[in-house]
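I opened this model to look up folds, contacts and a few single residues. My entries follow in the order in which I took them.

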Amino acid sequence: MSTPARASKGATRRMPGEEGVWVFILGDMLVFALFFGVIIYLRGEDPALFTQSQGQLSQTAGALNTVLLLTSSLFVALGVRASRDDAKDKARALFALALLCGLCFAGVKAIEYADKIALGLTPAENDFYMYFFVFTGIHLLHVTIGVAVLAALIRIARRPKLAAHDISLIESGASYWHLVDLLWVVLFALFYLLA
Amino acid sequence: MTVVDSRKAVVVWLVLVVATFASWWVGADHALSADAAVTAAVIAVAFIKVRLIGIHFMELGTAPRVLRGMFEGYVVVVTIALFGLYVAL
């Protein structure tokens, strides 16, 4: 763990979790920044096609998924604080609720994909749908991994005594989950809302 | 300290959810003129939300300056780059 440094007002600064997870998080954010650029570029190339295809997406599904992930992040943040307070039962319950939200997100996505495919709107339909399926699909993969991470956090929080290393692991997993939430917030804005 | 933290987390969540519905409302109303203005608002709100998640949920607000700086830099650069790309094309 990094050595805490002095911040302003006498508070100490500390890195939540292991350094390695932050290398991954920042790297992943960079990769997705490229994806975000591609979406804007895609729109610029053929605004009419983009707007028309976007019009077929369910903004309700997108907004619901956004609220699900935001809520799951709240549960995770509260769970981390509970872990630090050694309120293990509370922490596990919060991580479990977050996991449930994650599963609901995946469920909504599955229904959304199925609906589109049933209408013949597959990745082969046009560039919009290709990038929609690929980018949200890669994100969904992140969600799946995140659900496994949350399950691991629940197990870690079951240990009789949460040492500094355990807290660090929990913080690492939590940070990864917040990344998953953060990335979706932008994907939702660009695919579902952009004029 | 923990109770204050928890309350703050809930407030941040509320702001995030309200921002989500606000940008949904703005994004859904295609009668609004000036697409560029709507786009700017949608992108700006998205990255305000990203920053809130990073600073408060990811706790980058109390993280080492270098890490926080990289995150803040990312938010600013990507927001400007995406809007710049939108306007340029």
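**Chain A**

I counted six helices and two strands in chain A. Helices (H or I, at least four residues) and strands (E, at least two) are DSSP runs, numbered from the N terminus. From the N terminus on, I read the order as β-β-α-α-α-α-α-α.

A note on the source: this is a predicted model, where local features need pLDDT of at least 70 and side-chain atom pairs count only at pLDDT 80 or more, while totals for chains, interfaces and linings use all residues. Residues are numbered from 1 along each chain as its sequence is written, chains are lettered from A and ligands numbered from 1 in the order in which they are written, and side-chain values use heavy atoms, with hydrogens and water left out.

I looked up the extent next. The C-alpha trace of chain A spans about 55 × 35 × 25 Å along its principal axes. Of its 195 residues, 56% count as buried. Buried means under 20% relative accessible area, exposed over 50%, and partly exposed in between (1.4 Å probe, protein chains only). I then checked contacts, meaning heavy atoms within 4.5 Å. Among those in chain A with a separation of 6 or more, residues 24 or more positions apart account for 77%.

Chain A exposes about 8000 Å², and carbon and sulfur atoms supply 67% of it. Accessible areas come from the Shrake-Rupley method with a 1.4 Å probe; for residues, only the protein chains shown count as cover.

**Chain B**

I found three helices and zero strands in chain B. Along the sequence the pattern is α-α-α. Chain B has 89 residues, and 40% of them count as buried.

**The interface**

How much area do chain A and chain B bury between them? I read about 4000 Å², 73% of it on carbon and sulfur atoms. Buried area here is the accessible area (1.4 Å probe) that two parts lose on being put together, summed over both. On the chain A side, A:R13, A:R81 and A:L193 lose the most area to chain B, together 16% of what that side buries. The contact takes 47 residues from chain A and 44 residues from chain B.

I searched for salt bridges (a side-chain nitrogen of Lys or Arg within 4 Å of a carboxyl oxygen of Asp or Glu). The rule finds one across this interface. B:E59 forms a salt bridge with A:R84, and the closest N and O atoms are 2.7 Å apart. Which element of chain A gives the largest share of the side that touches chain B? It is helix 3, with 13 residues.

**Single residues**

A:G37 lies in helix 1 (residues 19–45) of chain A. I list A:G37 as buried because its relative accessibility is 14%. Leaving out residues up to four places away in sequence, A:G37 touches B:L82 and B:L85. A:G37 and A:L190 are 153 residues apart in sequence, yet 9.8 Å apart in space, C-alpha to C-alpha.

I went on to helix 4 (residues 88–118) of chain A, which holds A:L97. A:L97 counts as partly exposed because its relative accessibility is 36%. A:E112 is also placed in helix 4. A:E112 is buried, with a relative accessible area of 4%. With residues up to four places away in sequence not counted, A:E112 touches A:S58, A:A61, A:F132 and A:Y192.
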